[in-house]
Amino acid sequence: APLKPAPSDANHPARTTSEGPAKAGPRARSAPRCATLDDGAAGAAGGIGDHSAIEGGFDEAKTAIDELNKKQPNFQKAYNLSKPIVHKAKKGGHACGEAAFLLSGIGLGDLTQDTRKDYESLLLRFPLHRVDIKTKAVLLFVGAELESEFGDFPLTAKDNAERFLEVPGVDRDFATWAAKCNSIVKKVPEQDATGRHRQPRAQAKTESDAWEEYKANVPGKERELLPAVMDDLMGMIGLESVKRQFRGELERIKLGIEQGVSAESSIYNARFDGNPGVGKTTVARLYSKFLVQLRILPEKAELLETSGPKLASGGLPELEDLLKKGKKVGGAAIFVDEAYALNPKEDKNGRQVLDFILPHAEKLKGQYGRVVFVFAGYGKHMDKLFEHNEGLPSRFPTKFVFEDYSDEELERIFHGHLANPNGIKPSESKGSRDKVPKPSPLSRVRPSPTPAGFPSPTRGGFSSRFGGRMGYPQYGMPDVPQDGHEERDEWGHKWTYDADTFTWKGDFGNECGFGPGDSTHPLGGNDNPILSTGSDGEGGNALPYEFDRTRKVWHVASDPDNVATGYPGEPPLEPTSSAFILSDPKWGRIAVRRLGRMRGKVGFGNARAVKNMFDEARRRQAERITSERMEGKRPNILELRRDDVLGPRADAGKLESCEALRELEAMEGLGEVKRSVRSLLDLVVKNAEREEREERLLDVMLNRVFLGNPGTGKTTVAKLYGRILCDFGLLSKGDVIIKNPSDFKGDVLGSSERNTREILKAAEGCVLVIDEAYSLNPNTNGTAVGSKDPYLSAVIDTIVECVQAVPGDDRVVVLCGYRKEMEAMVKDANPGLARRFQLDSAFEFEDYDDSSLVRILRAKAERAGLPVDLDTAVCAVQTLEKARSQGNFGNAGAVENLLCKAKLAMVEAGRSRLERGDFCA
């Protein structure tokens with residue numbers, strides 16, 4: 001196939017010679033088109049010029065290229081094959097080796113804007129019109145693959161693919177690549193009405209975007225009448241459905257005004273459903289201002305805040321005080337948080353308050369002026385509240401549902417705390433949409449931009465007639481500044497070019513090679529460090545300093561832990577900002593994913609949970625920094641590291657160092673339990689490794705059923721279980737709380753739910769052990785389905801509701817009991833119980849055999865200061881044989897009772913030592 005001629009471009013005129021412009025004629029050839037950053041591959045792909053072709057090293061890179069040209073390439077293998085070629089390349093670089101390296105990186109998922117910059121740098125050094133034919137094909141395919149994978153410039157991808165297919169021999173030498181380029185060419189981008197190709201949208205349009213479009217279509221004078229509070233709402237993180245409803249309310253109210261419908265004919269009471277920390281109170285304040293700015297409420301009306309518990313405690317006088325306060329300015333918006341606490345079925349005051357509100361909520365204007373009520377709380381609890389009176393839902397026609405924040409939104413809130421630890425508002429949180437891109441594969445080995453075969457620029461090679469900035473423009477090379485040229489870096493420091501030394505001189509005696517404005521070699525990068533005597537201002541040997549854009553710190557190039565206190569060479573100053581940084585952004589992502597696994601659970605804290613997570617990270621950081629300072633180190637006090645954010649690492653070494661695990665292993669018997677705990681911890685360690693690779697976690701159930709007779713060590717193991725989970729970072733406290741069924745059961749309707757919620761709330765971060773849990777079975781006969789105890793049913797239903805058994809839940813519940821009774825309860829009580837407490841993964845506590853009981857007896861006696869010989873202990877244990885045969889044997893408890901009786905016999909006999917007769921009389 002013939003090569004396409006170079007397109008004409010006014011910016012690239014034909015070359016001139018000392019005799020003037022090149023003459024046109026049958027033998028005249030067009031000037032070669034040079035590669036430019038603006039044109040990329042497509043612009044550089046014009047015809048071959050007069051210069052001899054530059055060898056791109058195809059033969060040296062052929063093995064890697066052949067691997068990449070397979071139908072199912074091994075990108076890791078190609079990466080390993082091409083990497084040595086790039087490292088060993090001469091100063092000018094290696095076209096095919098670097099191209100294979102780039103393709104390997106793209107295949108391995110390393111696709112960022114830096115990848116595109118690396119490709120553009122490659123074209124600058126190896127223009128397509130100057131390289132050999134096979135190198136040209138390789139470079140064109142990289143361009144087609146790059147733009148196709150990015151998805152930003154499908155037309156550029158198509159153009160590169162077409163030019164690749166025009167290179168002679170590609171069907172033979174690059175069959176797989178040719179097939180891929182044919183598929184790219186066949187993809188015709190969507191066209192608009194004018195026939196122009198549309199670029200795909202980068203992101204879905206948000207409600208904030210829709211609001212900006214809405215405002216843009218409103219005439220100027222009318223735009224001034226739009227409620228300004230809408231901009232505050234649109235600036236908040238998330239809440240897409242709430243924002244959409246606000247816009248719908250605005251349109252309804254505006255249209256009503258146009259139609260001449262009185263504002264007083266509508267009801268504006270609202271119901272806010274959602275978990276804590278999703279901005280219900282903030283939005284309620286905005287809703288009040290929204291109604292004021294639309295003149296639904298009086299100009300001086302405010303949001304008067306109260307809560308369900310407060311109204312239930314204070315009764316009608318509490319509410320009337322608020323209404324009278326609002327009446328003084330013509331009305332108010334009354335916000336009742338946790339409105340479900342009014343609980344009219346159980347609380348007399350709550351019932352009176354609701355009955356009082358009903359007639360006043362029928363219309364906007366009444367005896368207290370214009371009043372709007374806003375009730376807020378959890379969705380399910382609010383549903384129960386609104387069942388109190390069939391007229392209540394009709395008086396609150398607008399229902400705003402506040403969804404839990406997504407992981408991305410939680411991460412933006414977390415970054416808001418990092419940027420402003422003194423406190424943020426949802427509307428002030430700066431998101432983390434602009435992530436620090438991953439470095440491309442070439443970022444550590446990017447060669448010099450000087451084209452192969454061309455000399456480095458020297459001062460004598462330039463002239464002032466080129467405007468003071470000169471390079472190799474005919475080859476698309478960067479310009480070289482004139483002596484004394486000044487620029488400032490992104491930190492505001494001045495740099496001056498010194499043509500005598502070909503270096504840039506900066507503030508504080510610093511130096512660098514490429515200057516502050518070189519986009520290919522950014523200041524502080526590994527190939528453009530700042531040479532400085534250090535940031536302590538004390539002089540000494542100059543060291544190269546690089547800027548870590550992830551951690552936002554300067555450090556010595558060869559030692560990332562050797563962090564400067566500020567800008568290299570700058571005297572230390574008191575920090576003007578208290579913004580925190582993460583040593584690696586992925587720690588924040590992992591922490592947020594842990595929180596996100598609790599999404600959908602009643603009581604999930606959302607933004608509040610993020611704040612607690614941030615505070616806990618600072619607490620761990622304080623412990624670490626204190627320790628490091630005692631060791632003489634100078635840690636960065638604003639840097640949060642992995643263990644600060646995520647807690648202790650659960651790795652294989654933890655299995656050997658965990659003291660609680662060693663104590664469990666040392667316990668008598670319990671072989672099956674020990675194996676179960678070990679298997680669980682192996683899975684926990686594997687999950688920790690997957691988590692740090694940001695892979696999906698395997699399901700791990702921490703809530704357990706402990707099955708066994710009394711005295712088999714269930715309570716002791718539960719305590720060790722809590723400490724083990726705490727050591728592995730799965731629980732924040734690790735304490736053990738032991739409760740019996742009677743602690744949960746109430747004596748009036750609603751009290752069982754309240755008791756259960758209070759116990760579960762107090763057990764956060766701990767192991768909650770419910771002993772003899774089978775007694776919670778609501779079936780009155782305990783084993784079969786029949787009439788049910790409503791109080792026990794309420795306990796079980798609340799446990800099922802609150803115990804979600806999802807990774808990241810900072811609470812473990814252990815149900816203890818006998819197998820037969822526990823199986824009956826799990827089967828009959830509530831279907832959700834079996835999913836949360838799986839009997840097939842229960843810890844089985846078997847009865848101790850006689851040998852174990854002998855050892856237990858002797859150990860207990862030894863601890864009491866009354867040693868027992870082996871024969872006496874064997875005789876004593878034999879007396880327990882009858883008790884063992886009767887079922888529900890007490891095991892270690894039976895041994896304890898036996899030892900107590902022996903002590904009494906010893907005392908009655910007036911002896912100070914235990915004898916055989918004390919046990920075997």
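Start with helix 21: A609, V610, M613, F614, A617, Q621, R624, I625 and E628 are buried there, where buried means under 20% relative accessible area, exposed over 50% and partly exposed in between (1.4 Å probe, protein chains only). This is a predicted model, so local features need pLDDT of at least 70 and side-chain atom pairs count only at pLDDT 80 or more, while totals for chains, interfaces and linings use all residues. Residues are numbered from 1 along each chain as its sequence is written, and side-chain values use heavy atoms, with hydrogens and water left out.

Back to helix 21. It takes in residues 607-630, and helices (H or I, at least four residues) and strands (E, at least two) are DSSP runs numbered from the N terminus. What covers its buried residues? The cover includes helix 19 (407-419), helix 20 (585-596), strand 18 (639-640) and helix 22 (642-646). After helix 21 comes G632, with a positive phi near 85°.

How do the helix lengths check out? The expected span is 1.5 Å times one less than the number of residues, and here are two helices to compare with that rule:

| Helix | Residues | Expected span | End-to-end C-alpha distance |
|---|---|---|---|
| Helix 21 | 607-630 | 34 Å | 35 Å |

Helix 9 has buried residues too: W177, A178, C181 and I184. They cover an arc of only 115° around the axis (taken from the directions from the helix axis to the C-beta atoms), which puts them on the same side of helix 9. Why does that happen in helices? An α-helix has 3.6 residues a turn, so residues three or four places apart point the same way.

Now for a helix pair. Helix 13 (residues 240-259) and helix 14 (residues 280-293) pack at about 10°, with axes 12 Å apart. The axes are lines fitted to C-alpha atoms over the stretch in contact, and angles run from 0 to 180 degrees between N-to-C directions. That makes helix 13 roughly parallel to helix 14 (under 35 degrees is roughly parallel, over 145 roughly antiparallel, 65 to 115 roughly perpendicular and the rest oblique). On the helix 13 side, V242, F246, E249, L250 and I253 make the contact, and on the helix 14 side V283, Y287 and F290 do; contact means heavy atoms within 4.5 Å.

Finally, two loop residues. E338 sits between strand 5 (331-337) and helix 16 (348-360), and its phi is near 50°, positive in a residue other than glycine. F508, between strand 11 (503-506) and strand 12 (511-512), is not a glycine either, yet has a positive phi of about 60°. At 36% relative accessibility, F508 counts as partly exposed.
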